[in-house]
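Colleague: I am new to this model and would like a friendly tour of it. Please show me the structure, and then I will ask my questions.

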Amino acid sequence: MERASAGATITKIRAIHGRMLTQEDYRILASKKTVTQVAQYLMEHKRFSDVLSGINVNTIHRGYLEELIVKSNFEMFLKLRDFQHLRHAEFYNSVCLKYETQQLLSLIDSIFSKTRASFISGFPAFLINNTKLDFVELSKCASLQELCSKLGCTQYKKPMEQIASLGDNADYLTCEVILRTYYYKKLMSSVKNDLSKSDATLISSAIRSELDVRNIVNAYRMKKYFGAGSEEIRSKQLPFTKLGKAKMEKLYECTTDTEMVEYVRKTSKAAATLFDRSDFIETEMAKINLRSARKLLRTQSMPAVFYAFLQLCDVEAANIVHIIEGIRYELPREKIEELIAY
Amino acid sequence: MGIEKMMLVNIDGTMSELDKTLLRCCESGCFHMEPAAAKNADSHRNGLKMLSEKNPYTPLVRDMEELCKRMGVVTDDTINPSEPGFETLEDFERYLDNLKSEIGTLVEERQECYKEISQKGAAVKQLKHMMGMNADFEQVFNCEHAHIRLGKLPVDSYDKLRYYEETFFFVPFDKDKQFYWGMYFCTQKEKVIVDEIFNSLYFERVVIPEFVHGTPQDELEDLSDRINKLSLRVEDINYELSRIAEDRGDEIRKIYSLLRFRNNTFDLRKNVATINNKFYIKGFIPKSHSDGFKKMFSDVRSVSVAVIPPDVENDLTPPTKLKNGWFSRPYAALVEMYGVPVYNGINPTLFVAITYTLLFGIMFGDLGQGFVILLAGLFMTYKLKNKFGGLLTRCGFSSMVFGFIFGSFFGFEHALDPVYEAIGMGEKPIEIFDKTTFILISAVAIGVGIILISMILNIITGFKQKNYEKAIFGCNGIAGLIFYSSVIAAVLGMLTDRSITTAGYVILLIVIPLVCIFCRVPFSIAVKYKRWQLSEEGEGGIGNFIVENFFEMFEFVLSYVSNTLSFLRVGGFVLCHAGMMLVVMTIMEMFTGMAQPVVAVVGNLFVMAMEGMIVAIQIIRLEFYEVFSRFYEGDGKPFEPVGATLKTDNN
């Protein structure tokens, strides 16, 4: 019965995947001249017609359009989770954990930059009813210590204590590494505890690959733009790898960014294309993630398909944001297309 | 039953006679126009220039269409080539000006009414969301110390309001799926910050029109009254306009048709070339019309018409006009759906007509149902003037013939027994469920026959086009024909215990044709150019050639088998039809009294609609995939005489 229900969820996900924006759609969207035209196209597209049905395309704000798309993805995942009565499985709640982590980081950023208003305006309201954290109260925090004490009785106690212990040495990047490490540790443990062995192997391998790419990009940037040494680079990495610790260590020890690029091309098949267009590393990173997600989507493992779909929707939303930004800054169509991962 | 022979026509004359010449070409109804000068360097060297003028009739056509729309005059595609009093462009302009001044005031007033209704309607929509506000708009907006904005706030943003510590209030009046409608207010001192906050929350302002002053309730009543009055006035104006349209409708339609004709005739100028105040027109006419066409220009002194063979100019491909008899004519639409044949190709319409009618009759054999289809076909032909009526009539008749052979009458399998006894046959010729193997084998035999004829047609076309690969060595050429028919004969021999597959038979009739097919490209090059070359381009080595042709051979052999077996569906549908009617009869027997005929009628209608459609589609599939793919390319240019197909581009 459970297997049949998992099959139904896979079919449901694949049906929605079939409605997602195609390369041709992105091409058309990139050729639009105004946000109104983009909104109009998305409103008429089967993927977003329901979500955008009530909006006035002539007056819609680009930020609101983006928010609606992200919100629709979030709600879709909750629906898929509840479709198979998996509300209590930690793995399927990782979507909420991910958004919580993102918002905590955004809050920390606003504390550092003392721009509370920007945190509130950017805060996704759909999270209010799906989190145990009281972001209204948290948003009033003026310092990291205050934030740590308010999060004392939540699951974030440990990472926040770690942040608080840094005292004046705390910077945003370190906080990000600590919180993201916490998120991925939770995700990995939920994968291990909630899923079957074969599903867990499949997903944890995909996550580790994804983090390898992210770590490689971080290391490359730190080396290229800040001339960071191996120790500094190592301290800012997320402690997960598929490529292997030894290979990653060797990468951190490269003396120049060019050496790093060469080393990655030689050692990592998955990340070999990462530096093909060095001006568009983010896009290339998204493309690598897309490839891995599409592979997972073809499997018969429901959790793997669920996780892959999460990745695909994130990339799709990011592509739409890139297009809207590109149009706003009046970039030519070709430039916008270069920012799209497909 | 072929393709109409064409002649190339060159017309030249002085520019003053161009319009008259184009009109005559249109009136002839048999002139297929081509660009008079190719867009290449030669034409420019000769000094020939294509005419590229702005069509002065187009704006008038648009104006006229707009006027017709406003007046409710329905226009159609009929062509009116002449009307007394309308010779020049100025005549049309004058007529349009008069018409505009006659109805202009009414139309303008109606536009004003619509505009006001739209404005007031938009205000009503907004006011409906503000019904919770029990105060005058005037008072609200005249507050001295409070800053007020009316509008809508996304539902998500409303939830975020409690995050802010600034002093402001948002009062919702109404809520829908996505927005809270209401107003926010704050002190004048804080208005900049609060406006910024609401902007960041995607608050959309609603601008209340100046004419709204009182409370939403009062204003709503006033606005609704005004909208009703305006709507009544619009109705009056529409009545006035419809009266005018009724009085002058015919005249307007005639002038519109004439104007459109002139507009489209002028459009033909883009295919005309000019040099030194002379024009040149090129095109094709059917050979049978050439004398009549020439005569049409005998009274125009400066114009000369030269009729020459169609292949004189290499860069012009003659169009294809199919010549079909009364039986095959309705099937031309099916052939054209695939594409018309090339000018020197074969017209497959008769072949399609025969095979389609035959297959439909076999697959949908029922005397009663066939008769209904025949009647439907006659009704469509003579009452609805629909071109598919003829096709239905023929298929219906064929269905009746095979229905008689199968002894099926509206699904009653023994209703015709007395008829067979009366004509001395004793019983019906074929009892479907007793002869399933015979039916299936016959279906495959019909398929083999059709495939063989398709191959022969391919060989004829190949020789006509001097394409030796297609005609001799191809899988549908002589080699393919010999191979396919020999294999079929061998299989027949095996089934009937008469072994004919001797070593000589295999080598001569199976192996050699296969080698020919394998080496069709180098063989055809050798025949045509008297040299040995593995491919037309001369690229690729022997290894490449062998691998490529090995897989192609595999595909050819597989297609012989699959295409032949594909005809099993013909037999399958015979059984399917009988089976479906058996179900109808069984259901009918489950009922009693008046319900029985109702079930019989509904069941028959259902089978006719569903199975009829499926059979029709399946035969089209067989024709296009199994038959056309063997010999027919369908990439000819259809014959489109100017004038006969004139339609405005602006519609």
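Modeller: One term to begin with: two strands pair if DSSP finds at least two bridges between them. Helices (H or I, at least four residues) and strands (E, at least two) are themselves DSSP runs, numbered from the N terminus. This is a predicted model, where local features need pLDDT of at least 70 and side-chain atom pairs count only at pLDDT 80 or more, while totals for chains, interfaces and linings use all residues. Residues are numbered from 1 along each chain as its sequence is written, with chains lettered from A and ligands numbered from 1 in the order in which they are written.

Colleague: How many bridges join strand E2 of chain B to E9(B)?

Modeller: Strand E2 of chain B covers residues 32-34 and runs antiparallel to E9(B). One pairing to look for is Met33(B), whose bridge partner in E9(B) is Gly283(B). The number of bridges joining E2 to E9(B) is 3.

Colleague: Which residue in the hairpin of E8(B) and E9(B) takes a positive phi?

Modeller: E8(B) and E9(B) pair in the antiparallel sense over 3 bridges, and Ile275(B) has Lys278(B) as its bridge partner. Most residues other than glycine have a negative phi. In this hairpin, with 2 residues between the strands, the positive phi, near 45 degrees, belongs to Asn276(B).

Colleague: Is Asn276(B) buried or exposed?

Modeller: A residue is buried if 20 or more other C-beta atoms, placed from the backbone, lie within 10 Å of its own, exposed if 12 or fewer, and partly exposed in between. Asn276(B) sits in the loop between strand E8 (273-275) and strand E9 (278-286) of chain B. Because 7 other C-beta atoms lie within 10 Å of Asn276(B), this residue is exposed.

Colleague: Where is Lys466(B), another residue with a positive phi?

Modeller: Lys466(B) is not a glycine, yet its phi is near 55 degrees. Lys466(B) counts as exposed, because it has 10 C-beta neighbours inside 10 Å. Its place, between helix H15 (436-464) and helix H16 (468-473) of chain B, is a loop.

Colleague: Which strands stand at the edges of the open sheet of 4 strands in chain B?

Modeller: The order in this antiparallel sheet is E5-E6-E4-E7. Strand E4 (residues 146-154) is joined to E7(B) by 2 bridges, and Lys152(B) has Glu204(B) as its bridge partner. With a single partner strand each, so that one side of each is left without a neighbour in the sheet, the edge strands of chain B are E5 (169-175) and E7 (204-205).

Colleague: How far apart are the end C-alpha atoms of helix H4 of chain A?

Modeller: Among the buried residues of H4(A) are Tyr64(A), Leu68(A) and Phe77(A). The expected span of a helix is 1.5 Å times one less than its number of residues. For the 22 residues of H4 (62-83) that should come to 32 Å, which agrees with the distance between its end C-alpha atoms, 31 Å.

Colleague: Which helix of chain B gives the most to the side that touches chain A?

Modeller: Residues are in contact if their C-beta atoms, placed from the backbone, lie within 7 Å. On that basis 14 residues of chain B are in contact with 16 residues of chain A. The helix of chain B that gives the most to this side, with 3 residues from the stretch 155-159, is H6.

Methods. Contact = placed C-beta atoms within 7 Å.
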